[in-house]
Structure formats: structure tokens, C-alpha cells
Amino acid sequence: MLEISESQISAIGQVLNDQNRPLKERFRALFTLKNIGGVKAIEQINNCFKDESALLKHELAYCLGQMQDSRAIPILNEVLKDIKQEPMVRHEAGEALGAIGDPSVIPLLEEYSNDCIPEVAETCQLALARLQWLKLHNSKNSTHSQKSPYMSVDPAPPADITDVEKLRSILLNENISLFERYQAMFSLRDLHTRESILALAEGLKAGSALFRHEIAFVLGQLQEEITVPYLAASLENMEENEMVRHECAEALGSIATSDCFNILNKYINDSQRVVRESCIIALDMCEYENSSEFQYANTLTKVNA
């Protein structure tokens, strides 16, 4: 945890909660609070859940989960239960509860694992499976040891398999549990070979919206140019779920080639607000990935570049 005064945290929180500030500045403030950690940072993040931007609120929940601080649990519980919140925000709250790894949330996750919104229900099912996995692998120690090479707390641990074709088969098999498919997904990511990356890219055309959105997130972590055509195709598909399109936009922002920049500029005025805003953030990521500035390398792109 960084050493910083309460007044400094409040000042950063004011930027986050100022709806008149550019979205990119508010995102940077959010990830600064995430890196600071502690109860005061959590309070400032919580204050922003009344914002109108689903993209920003979804990212608030993501950050609270990645902080792995049990003091955020009551906040996330309320977000998950709030049916007025957008599905992508409620989904992220459920995932965050799984990331924190506290078994006290099991009853709530069980209740919402049957939610009428598929993305919410599937997320809660995944979070329950993660908590069960942690219990089997000495939960307290495992909760903090399961950070990936990309410095993220993932919804599932990687499978103990290194055969790419076998992992690909599991990844694309819709008849097995989502948790197992996620395990294959993160194994393919961690192998980080051309073969494993292309296997992942196939996942953008398979499974539920939740599954496809996680594939896009993982491709963004990998930051490999060979995935640009696959991500672009999903972003350009106006019939695709907005959660998937948004994640593809951010992935393109983290890859940050000139092609990515041109693709993102095409959708800066998209009809879906979450896609428009994701393109704004992604273009800002492109600028930082191509500059000497430090921001986003360990924050917005959620990778350890």
C-alpha cells in the first residue's frame, strides 16, 4: 500500500467523482485509488456507484475485487442485488466478490446464480466455483497467491494442462462447466505461444456473451498484434453483445498499433454508450502505450507490461 494522506485520497476521489472531468482522467483516478488501497480509497470508489456511466461503474467493481479487501464486500453485495444497475455492473460485482475470496458471500452468490440476467447468473456460478476451489486449496493462502503473471486476480485458476490442442478442446466445449473452460482459457493465456493465442481467438465466436467478453479481456492482456483482426471483427459486429464489444475495444487499446488506433476511431460515436466510452478510454491507452509515460502499464490495461 502506498503511503498517502487522507486529504490526498480525497482529492483523487474528487477527480473520480467529478462528472465534468474527462472520462480518461476519472479512470486514472480510479486506478490510482486501487493502487493506494485501504478503507478511504474504498469509500471514494463507493461514492461513484451512483454515476451514469455503466463502463465506469463496472470498472469500480473490478477494482474493488482486485484490491481483495473484505471491507468492500458490503458495497459489492448491494451492487449485485441492485436490479436497477446495468447487467455489466452487477456481473462485475459478482466477479469481484469471487476475487476477494471470502466464503461469507457464498449464500448471496448462490441466490444470484439463478438471476434472470444470464451474465449475472453465470458470473455468480463462476465465483462460487472459485470459492470452492480456494477451499480445496487452503483458501486463505491461495486467495493472494493466485495472481496471474499479468498481476490480475482471475475468475478461475489455470488448468494443470500444457497441451494446446487439449486446452482448445476444453475451451470450446459448451457441454462442460464454464469454470473448466475458464481454467483452459487462463492456461492458454499463460502459455503465450502463437498456437495458444490463436486458440483463444477462436473463443470470440463461441459460448455465451460472458465467455466471449472474458476471451477479449485475456487477448488484451496478451497484447499480441495477431489478435487484432479477431478483436476488430467482434467490435465491428453491431449484433454482438455490448459487453463483448466494449472489452474488444479496450483490448485493441492495450495492443495499441496504428491499426488499432484507426479501428477505434471508427467507433468513437457508436450507438452504444459503453462502446463509445470504451473507445475513448482505449484511444487514451493507445497514446500511453506509445509514449514514455508510466500510466496504464500496470493500471488501465490490467497487465504487467
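Figure 1. C63 is in no disulfide, and the nearest cysteine sulfur, that of C48, is 11 Å away. The relative accessible area of C63 is 0%, so the residue is buried (buried means under 20% relative accessible area, exposed over 50%, partly exposed in between, with a 1.4 Å probe and protein chains only). For C124, the closest cysteine sulfur is in C116 at 12 Å, too far for a bond. C124 is buried as well, at 0% relative accessibility.

A word on conventions for this and the other views: residues are numbered from 1 along each chain as its sequence is written, and side-chain values use heavy atoms, with hydrogens and water left out. In this predicted model, local features need pLDDT of at least 70 and side-chain atom pairs count only at pLDDT 80 or more, while totals for chains, interfaces and linings use all residues.

**Figure 2. The surroundings of C124.** C124 lies in helix α8 (residues 118-136); helices (H or I, at least four residues) and strands (E, at least two) are DSSP runs, numbered from the N terminus. Which residues touch C124, once its neighbours within four places in sequence are left aside? They are L80, L109, Y112 and S113, where contact means heavy atoms within 4.5 Å. N114 is 10 residues from C124 along the chain, and their C-alpha atoms are separated by 8.4 Å.

Figure 3. The whole structure holds three aromatic pairs. Rings of Phe, Tyr and Trp (its six-membered ring) pair if their centres lie within 6.5 Å; planes under 30 degrees apart count as stacked, over 60 as edge-to-face and the rest as tilted. Y182 and F186 make an edge-to-face pair, with 6.2 Å centre to centre and 65 degrees between the planes. Both residues belong to helix α11 (residues 178-191), where they sit four residues apart, about one turn of the helix. Y182 is buried at a relative accessible area of 0%, and F186 is buried at 0% too. Together with F211, Y182 and F186 form one aromatic cluster. R181 lies over the face of F211, at 4.1 Å from the ring centre; the rule asks for NZ of Lys or CZ of Arg within 6 Å of the ring centre and within 35 degrees of the ring normal.

**Figure 4. The buried face of helix α3.** Helix α3 (residues 39-46) has A41, I42, Q44 and I45 buried. These residues cover an arc of only 160 degrees around the axis, which puts them on the same side of α3; the arc is that of the directions from the helix axis to the C-beta atoms. Their cover includes α1 (6-16), α2 (23-36), α4 (54-67) and α5 (73-81).

**Figure 5. The buried face of helix α14.** In helix α14 (residues 228-236), the buried residues are V228, L231, A232, S234 and L235. Seen down the axis of α14, they fall within an arc of 165 degrees, so they line one face of the helix. Packed against them are α13 (209-222), α15 (242-255), α16 (258-266) and α17 (273-289).

Figure 6. D284 bridges to R28, with the closest N and O atoms 3.0 Å apart. As D284 lies in helix α17 and R28 in helix α2, the pair ties together parts that are 256 residues apart in sequence. D284 is buried at 2%, and R28 is buried at 18%. The salt bridge between R212 and E240 has its closest N and O atoms 2.6 Å apart. This pair links R212 in helix α13 with E240 in the loop between α14 and α15, 28 residues apart. Another salt bridge, E165 with R168, has a closest N and O separation of 3.2 Å; both residues lie in helix α10 (residues 164-171), three residues apart. E165 is partly exposed at 45% relative accessibility, and R168 is partly exposed at 26%.

**Figure 7. Two loop residues with positive phi.** Q68 and H192 are the residues to look for here. Phi of Q68 is near 50 degrees, a positive value in a residue other than glycine. Q68 is in the loop between α4 and α5 and is buried, at 10% relative accessibility. Phi of H192 is also near 50 degrees. H192 is in the loop between α11 and α12 (194-202) and is partly exposed, at 32% relative accessibility.

Note on methods: Disulfide = S-S within 2.5 Å. Salt bridge = Lys/Arg side-chain N within 4 Å of Asp/Glu carboxyl O.
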